[in-house]
Amino acid sequence: GDNDGEREHQKLLEAISSLDGKNRRKLAERSEASLKVSEFNVSSEGSGEKLVLADLLEPVKTSSSLATVKKQLNRVKSKKTVELPLNKEEIERARTPLEQEIFNLLHKNKQPVADPLLTPVEKASLQAMSLEEAKMRRAELQRARALQSYYEAKARREKKIKSKKYHKVVKKGKAKKALKEFEQLRKVNPAAALEELEKIEKARMMERMSLKHQNSGKWAKSKAIMAKYDLEARQAMQEQLAKNKELTQKLQVASESEEEEGGTEEKVEELLVPDVVNEVQMNADGPNPWMLRSCTSDTKEAATQEDPEQLPEPEAHEVSESEGEDRPVAEEEILLREFEERRSLRKRSELSQDAEPAGSQETKDSSSQEVLSELRVLSQKLKENDQSRKQKASSEGTIPQVQREEPATEEEEPLLLQRPERVQTLEELEELGKEECFQNKELSRPVLEGQQSERTPNNRPDAPKKKKKEQMIDLQNLLTTQSPSVKSLAVPTIEELEDEEERNQRQMIKEAFAGDDVIRDFLKEKREAVEASKPKDVDLTLPGWGEWGGVGLKPSAKKRRRFLIKAPEGPPRKDKNLPNVIINEKRNIHTAAHQVRVLPYPFTHHWQFERTIQTPIGSTWNTQRAFQKLTTPKVVTKPGHIINPIKAEDVGYRSSSRSDLSVIQRNPKRITTRHKKQLKKSSVD
Amino acid sequence: MGEMETAPKPGRDVPPKKDKLQTKRKKPRRYWEEETVPTTDGASPGPPCNKKNRELRPQRPKNAHILKKSRISKQPQVPKKPQEWKNPESQRSLSGAQDPFPGPAPVPVEVVQKFCRIDKSRKLPRSKAKTRSRLEVAEAEEEETSIKAARSELLLAEEPGFLEGEDGEDTAKICQADIVEAVDIASAAKHFDLNLRQFGPYRLNYSRTGRHLAFGGRRGHVAALDWVTKKLMCEINVMEAVRDIRFLHSEALLAVAQNRWLHIYDNQGIELHCIRRCDRVTRLEFLPFHFLLATASETGFLTYLDVSVGKIVAALNVRAGRLDVMSQNPYNAVIHLGHSNGTVSLWSPAMKEPLAKILCHRGGVRAVAVDSTGTYMATSGLDHQLKIFDLRGTYQPLSTRTLPHGAGHLAFSQRGLLVAGMGDVVNIWAGQGKASPPSLEQPYLTHRLSGPVHGLQFCPFEDVLGVGHSGGVTSMLVPGAGEPNFDGLESNPYRSRKQRQEWEVKALLEKVPAELICLDPRALAEVDVISLEQGKKERIERLGYDPEAKAPFQPKPKQKGRSSTASLVKRKRKVMDEEHRDKVRQSLQQQQQQQQQKEAKAKSTGARPSALDRFVR
């Protein structure tokens, strides 16, 4: 009754719920037995329990077919296995000799064998320390760690400070403090101080090795950029350089004689090094191997020239002789003559020196002669002037020293100004200047004379001599050719008159350029260019097609001829008859992009069209009037003039039936009817 | 580029140049005056310079010569008949007197010819009537404009200066002091020496107007000044080696090739740019119409920098080692580079390879210069030769001369004078006229400087040569060097700041694209034949037939029974046969010509006639 009622109620509910279409599928009620039982149609109605799929899968009765296997498994499980950290008893049972040995070792070192956590020592210490002590120690350690972290943070903060002044101050303070401490230490404990000193020395060495202060840092680089404009930056850089020098300098240890020698050596070095620098700057041609070599040779010369002034005479003589040997053959005569003169002079001076004891009692004459002889070593290059100058010099040899000083200072100034880079070694230069002044004066005098006196060919070589140092290749030219003069220039052609001279010159040039045959190279280049520009033939022969093929076999000539497509020969090259010229035949696409590429209407050949565009229209090439005329528009309108739209009549167009205009004019009725129709249509829509 | 003869403009050169190097000013001639005016010129007082038996004589007035010529030549070139110009009413004047010179003034043929640009040497194929009328119009236009230009030649009033020795005296012996003594004060002030011994040999450059001078010493001294008034614009030391210096399009900008990079300064000496892409530059050239700064570097690169937009247009690898010899061809803006293997190569930014290569010397090339018309190139090499080449297609040496020292620097003046710097001597050669190459027989002038020459340039529009040397800068007088008439709208030495600004804008608007630089500057007036042909071929392919091909003959239908099929065929055959015959005739002619040529060759190359041939019968 009640149950039935409930079921009815359930059914009703289900029916209602299935009405909305979501749960259409009707659960089929099993009413009769059937062979096919689907798991989908199983319902657990009436039982009031939920049906679980797993229950259905299980056999009705648990069979014991697997019981034996289970048993076996259980047995295996219950069996005890060997656990890896072996028990003590098991360990004690060390059987093999190797094991025994290992145990022995472990025992000896008191290493834990069974319990790996604590060694006996640790255990002992644990026993020794009480809990409180341990806590205290831990706290101490914690504190230290905290302090360290504070310190690190502070240091980091300080490091981040960008103020340079601050850092400078800090650094200075530190240095001062260190110095003070060191002083104190020296008083209190000399041994410790010595150790400290060694430490400092070591630090210096380290710094020296690390190549600091060498313009390679970030700061130095930035300063180097600014140094060109900023005086302060320049100074800072120089300071740094000085510091570098100071650091890298080898510390001298005692012994006065050694010091002297070293000093002189350094002096020579200092004299030389900036010279090299200056030469490079003067040439200003960068890393040109030719120039560099000439530079080094210059410095060598300078060295050799420097030496005779300081070294005793015989050596100077040797050096000058070796120098003389370097010179080309053409000069030899002059040089030989000069050497003889010098020798005689030196003999005389030596005689005079022999006669009177060396020192302050030298006569003025002999000293001046000595100076002159030195001068000659230096200024050998003045070839033709030498003779006259020597006479002059010997006659003027007794000019008092005071008079000589004046022009020297005059000459010194340009010398200094010519080398603006040479800042560091100004003092050396001043010293040098005193030695050089004589030479300079002697050099300058003939130049001045040359300017003042009439232009005679004798004076010419002065200027080329200056050039000598600048250009390496020029040297030979200057050596071989005679001095230019207006008269020689006025000679009509050299082929006619100066045959021999020219032959000589040609010989010289041939010798100079023996290695590179310019003409052959050029012809080769031209041949290559011609080959490259020729259109290529297309070879379509297939080796081995229709005949035997393989290694060493070539297709027959007949076949090759047959399948070779010859490229059409292009127009003759422009430089065909010009042996000394290679003209590029390649098409200039960039220019072609600006050229006209389509012929306009009435023209049939491009020559015709070219004629019409050959006259320029721009005002650059025409008079103003012509320009205006060429550029007048076809139709000119006045401003303000009303331009009516074009009518058919304007164009000369007779009204025709096709044109809408005429249609409208002729039968306006038809158009109105069409309009009406359209209106109707639109209203319907 | 000055590729064509530009027409003289009326009223352009308004400020007359009184300071031309002429010893006397001429009286303006009036048309009523007699034809024998030149005699009065000789009588007019000249400066007292006859102290040393030499005289600077003024040239014969040019226009007198022209008038004479035109009288004789009765204007065959002028197409407009005088009747057209003559107004019958104006001819009959109030006084009843007749105009003694009826019609427009005659124009000399040569001058008109100078302005004609249509190349009439090529014979045109037969053209249609419509085309022919177009051609006629173009020709008429050309004639008219050239006549107008020739007429306005009259406005070029100034004449070039000159120097003449008395009865065969060598002008080379006249020294600067004498010239300065002879000329007027204003011109004498143009000779000066700047003694700058401290900062090494100087390179120098005049601005395009010739008014400003910039020089840079190798030890870093850079200065720019208005050299006429001697007003210094700026003077700085760049603290670096200066290799070359050049004005850009106006005197307001200055490019300096320094040791490391290229720098650009303004006329106050303020550094505007440092161009690091152009490093280790040795020589500079500025192409004014393209606004290109060409730099040759030690690393062997030729770089073109467009200064109007600041972009590098092209960086060409020359593959010839270090470059330190460069000059530009003012006619076509091609850059000439001299190399150590004795060749001179011609470059344009549009091509990766040289346009041409010329073998000039046995040794390396030391200096190259191209004259203002782009016709002649002077080169000097390590073999001490000075050669002048013809650049009009042949590239052959016209004259060669061995100098005792070989020239290290060369420069051409506007009127074609050639200067060579050899050591500390400067030699100047002059040609016969403006268009002729300088004859190297005898120097025109020589001068000795206080140091070896390092830079040379003639001042444009002035008879002045600037020489930079190790002792400073010298400005020397060279009569007849500069072009006497300047174009006031193009390069006006007297222009104000406003005028300069205006000119700058116009010049920028007329800037020539860099890719248009090629050997023939008139290439733009030619049709690109290759693409034209290509286009034609493509069109034929597309259409399937040649639209321009001649249509095959189609006989017209005739009446009265003459239009039978047989007769039509006959007529067709007739035309075909005629065409065939024409072809045969042509080919026969060609064959004959070829045979003749062969025979001529065989004759010329054959063995020399023996003496015994005369006995052969």
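Which residues lie on one side of β19(B) and which on the other, and are they buried or exposed? On one side sit B:Y376, B:A378 and B:S380. On the other sit B:M377, B:T379 and B:G381. All are buried, and both faces are covered. Buried means under 20% relative accessible area, exposed over 50%, partly exposed in between, with a 1.4 Å probe and protein chains only. In a regular strand, side chains alternate between the two faces of the sheet.

Some ground rules. This is a predicted model, where local features need pLDDT of at least 70, side-chain atom pairs count only at pLDDT 80 or more, and totals for chains, interfaces and linings use all residues. Residues are numbered from 1 along each chain as its sequence is written, chains are lettered from A and ligands numbered from 1 in the order written, and side-chain values use heavy atoms, without hydrogens and water.

Now the pairing. Strands are DSSP runs of E, at least two residues, numbered from the N terminus; two strands pair if DSSP finds at least two bridges between them. β18(B), residues 365-370, runs antiparallel to β19(B), with 5 bridges. There, B:V368 partners B:T379. β20(B), residues 385-390, is also antiparallel to β19(B), over 5 bridges. B:T379 stands opposite B:K387 in that strand.

Next, the turns. The β18(B)-β19(B) hairpin has 5 residues between the strands, and B:G374 takes a positive phi near 70 degrees. The β19(B)-β20(B) hairpin has 3, with B:H384 at a positive phi of about 70 degrees.

Terms used:
Helix = DSSP H or I, 4+ residues; strand = E, 2+ residues; numbered from the N terminus.
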